[in-house]
Amino acid sequence: SIDCLYLLAVSDDPPTIWLAEQHHFSLVEVRYTLERSLTNWDPATRPRDETGLLIRAASSSDIPVIQDIARTSYVDSRFYFDPNFSQESWSRYYSTWVKKSVEGGADLALVAEKDGEVVGYITGLIDREKNEAIYELTGVREAARRSGVGQELFRSGLDWYVQHGISKIWVATQGRNIVTQRMIQRNGFVSKSCQLYYHKWFNR
């Protein structure tokens, strides 16, 4: 009863790629992962822009606003790229995910507030065994994009991880999302891996 099967393949293994193509898997995303050590990240001296933002912990009262932001924030995702997923379905997927994150599913959940209005959020997890972290979701209200909100949330998240004793972090983004890649790289991240996401649909 599976409708869609996902395959995440390493990009430098030709037999895997050929096999996926022979079995009619469709390439929907290049997954680019970057990482950095946090041992030299100092929350007191790191770069800051004059954004007029208040960065604070997310609360349950923020959920309706951040869900609204999530519904339009992931047009670079593989679910948006795959036409077999409707806009309603992928929007619901991300709005549900961020709701669960704020309700306790994530270790890190911050929002950016400007002039009393929530304009963005960021969430992430901690791997206690490895003492490393991962960013999960970042979303910025459409009218506030390209104004430094995403970058300040990103840096504030690094501050939070350092303050909680985390020594390493990684983040994954889409190969087509050049704007986000450049922002991540400006904050000292380097390449970790490149993978390929495939979808195979049944009875379509």
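This report describes salt bridges in a predicted model.

Local features need pLDDT of at least 70 and side-chain atom pairs count only at pLDDT 80 or more, while totals for chains, interfaces and linings use all residues. Residues are numbered from 1 along each chain as its sequence is written, and side-chain values use heavy atoms, with hydrogens and water left out.

Side chains of opposite charge can pair when their charged atoms come close. A salt bridge here is a side-chain nitrogen of Lys or Arg within 4 Å of a carboxyl oxygen of Asp or Glu. The count by this rule is 10 salt bridges.

| Pair | N to O distance |
|---|---|
| Arg155 and Asp49 | 3.6 Å |
| Glu113 and Arg56 | 2.9 Å |
| Asp68 and Arg141 | 3.9 Å |

Helices (H or I, at least four residues) and strands (E, at least two) are DSSP runs numbered from the N terminus. Burial follows relative accessible area: buried is under 20%, exposed is over 50%, and partly exposed is in between (1.4 Å probe, protein chains only).

Arg155 sits in helix α5 (residues 149-163) and Asp49 in the loop between β2 (26-37) and β3 (54-57), 106 residues apart. Arg155 is buried at 6%, whereas Asp49 is partly exposed at 39%.

Glu113 belongs to strand β4 (residues 108-114) and Arg56 to strand β3, so their bridge ties together parts 57 residues apart in sequence. Glu113 is buried at 18%; Arg56 is partly exposed at 24%.

Asp68 in helix α2 (residues 63-70) pairs with Arg141 in the loop between β6 (132-140) and α5, 73 residues apart. Asp68 is partly exposed at 39%, and Arg141 is partly exposed at 24%.

Arg46, Glu152 and Asp159 form a network of salt bridges.
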